[in-house]
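This briefing accompanies the structure shown below.

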Amino acid sequence: MQSQFRLGIIGLGLVAKEHIAAYQELDGIRIVSVCDVNADAARHWGQALDAAHYTDYRDLLARGGVDLVLVLTPASTHRPIVEAAAAAGFPILCEKPLAVTVEDGVAMVAACTRHGVKLFYGSIYRYLPAVRTAKALIDQGAIGNIQVMTEQMIGGNGAAAYRQLAPVHYPHGGPGGSGMGLVDHGVHLIDVFSWFTGGAPVQVMGSGQISGAPLRSEHLTMRFAGGAMGHLIYNAGTYSTYLPNEGMFSGGMSWLTDGSLAPPGTWLGEPGSISVHGTTGSLRIFHFANALFLNQGKGMRQIALEGRPCPDHFATQLEDCIAAIRDDRAPSIGGEDALRALRVIEAAYH
Ligand SMILES: NC(=O)c1ccc[n+]([C@@H]2O[C@H](COP(=O)([O-])OP(=O)(O)OC[C@H]3O[C@@H](n4cnc5c(N)ncnc54)[C@H](O)[C@@H]3O)[C@@H](O)[C@H]2O)c1
């Protein structure tokens, strides 16, 4: 019987709620301390979880007694928190994107290396059953050599309803935009496409939203070493063109183009999907709706999925981090994966 695994959580907003809910189904986990600059949030979660609560992350780190520190704060705040947690000697799970700039990301990875602590990067899409199964099929050769990978999130409720993430996430004048834009959401896809093809893109072209600037369409085209192309296109300030018969009941929780959340079981009028086209087949991955289809020239065939769909995939991610710590192996998704995605974004903006 393993001893309890103790978590310290810094940042108690939207994503923390999903992490905490997903962890409830795991045995042997205890959230022992929480922190948020918002004293009400810190008190609420401290009481709800019977955990020590703080408004300054340095106090949480000084208290110690945790086996993993989760950094679930906005991206612009990640660097000082991760550097302090590394200096205090704690393994860290940091939400995506690792930072807003490559410079900050490099400093964070260097701090973790210097202090000999593991840095887990929260590229959570790799824990979604449809994405994992797609990767397994790709590796088995089910679609041959990848030619094209695409994802687009184009919709919302018009330009007047378009909302960007606040400057605490992405300071004005730098990369930023909506929660379904290139930086905040596309960073997942850059990682997934690199994972599918087995390496970083060799060529990048794109254009992204500037935080605080008027709405603009965003796109990113990546060319990978084997010749595969990855294409992302985003605009959350317009309207969808999905037809009613293109919807589906979702098998998981979904983040929608307008930034809202739809619970599992909801009818999704525009279910987000990723397409991967290879030389001998293709895949359509409904990552949030938890469905996967394979076409090997005989029409689309649905593939059975195992594992926890969104939002319980946060538990799968945590189990993987705990296993890496207990077995003392490298993180499945670590600092170099985080930097690869950040470098692609920065290249697109340049
Ligand atoms: N993996 C995913 O699916 C997913 C989904 C949403 C958000 N995220 C990521 O999670 C992170 C947080 O996003 P969110 O949507 O929860 O944001 P949020 O704004 O809802 O919550 C962030 C919380 O952090 C607190 N905070 C800010 N600075 C702090 C500091 N210095 N110390 C302690 N607390 C601080 C805020 O008061 C707030 O409660 C971001 O990096 C975001 O990109 C990931």
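In this predicted model, helix 7 (residues 186-197) packs against helix 9 (residues 335-349) at an angle of about 115 degrees, and their axes lie 9 Å apart. The crossing of helix 7 past helix 9 is right-handed.

**Packing of helix 7 and helix 9**

- Helix 7 contributes V187, I190, D191 and S194 to this contact, and helix 9 contributes D337, R340, A341, V344 and I345.
- By class, the residues of the contact between helix 7 and helix 9 are five nonpolar, one polar and three charged.

**F193 in helix 7**

- Helix 7 also holds F193.
- F193 counts as buried because 27 C-beta neighbours lie inside 10 Å, and the threshold for burial is 20 or more.
- Apart from its neighbours within four places in sequence, F193 is in contact with M149, M222 and G230.

- The buried residues in helix 6 (residues 129-139) are P129, A130, V131, A134 and I138.
- The cover over these buried residues of helix 6 includes helix 7, together with strand 7 (146-154), strand 15 (274-278), strand 16 and strand 17.
- Just after helix 6, G141 has a positive phi of about 85 degrees.

**Domain organisation**

- The protein chain is divided into two parts, with domain 1 covering 5-123 + 312-330 and domain 2 covering 126-302.
- The centres of domain 1 and domain 2, taken over C-alpha atoms, are separated by 26 Å.
- Contact between the domains involves 10 residues of domain 1 and 13 residues of domain 2.
- On the side of domain 1 that touches domain 2, four residues are nonpolar, five are polar and one is charged.

**Surroundings of the ligand**

- There are 23 residues around the ligand, of which G11, G13, L14, V15 and E95 come nearest.
- Helix 1 (residues 14-23) gives the most to this shell, supplying three residues.
- The shell around the ligand is made up of 13 nonpolar, six polar and four charged residues.

**V32 in strand 2**

- V32 is located in strand 2 (residues 29-35).
- V32 is buried, since 20 other C-beta atoms lie within 10 Å and burial requires 20 or more.
- Leaving out neighbours within four places in sequence, the contacts of V32 are R6, L7, G8, A51, A52, G65 and V66.
- G237 lies 205 residues from V32 along the chain, and their C-alpha atoms are 41 Å apart.

**Cis peptide bonds and positive phi values**

- Most residues other than glycine have a negative phi, and most peptide bonds are trans.
- The peptide bond joining K96 and P97 is cis, with omega about -20 degrees.
- P97 sits in the loop between strand 5 (92-95) and helix 5 (102-114).
- The loop between strand 18 (300-302) and helix 8 (313-327) contains P311.
- N290, a residue other than glycine, has a positive phi near 65 degrees.
- N290 is found in the loop between strand 16 (282-286) and strand 17 (291-295).
- Is N290 buried or exposed? N290 is buried, because 24 other C-beta atoms lie within 10 Å and the threshold is 20 or more.
- D328 is likewise a residue other than glycine with a positive phi, here near 50 degrees.
- D328 is placed in the loop between helix 8 and helix 9.
- D328 is exposed, because 7 other C-beta atoms lie within 10 Å and exposure is assigned at 12 or fewer.

Terms used
Residues are numbered from 1 along each chain as its sequence is written. This is a predicted model: local features need pLDDT of at least 70, side-chain atom pairs count only at pLDDT 80 or more; totals for chains, interfaces and linings use all residues. Domain bounds come from an automatic or database domain assignment. Two residues are in contact if their C-beta atoms, placed from the backbone, lie within 7 Å. Ala, Val, Leu, Ile, Met, Phe, Trp, Tyr, Cys and Pro count as nonpolar, Asp, Glu, Lys and Arg as charged, and the others, Gly among them, as polar. Axes are lines fitted to C-alpha atoms, for helices over the stretch in contact, and angles run from 0 to 180 degrees between N-to-C directions. Helices (H or I, at least four residues) and strands (E, at least two) are DSSP runs, numbered from the N terminus. A crossing is left-handed if the near helix is turned anticlockwise from the far one by less than a right angle, and right-handed if clockwise. A residue is near a molecule or strand if its C-beta atom, placed from the backbone, lies within 6 Å of it.
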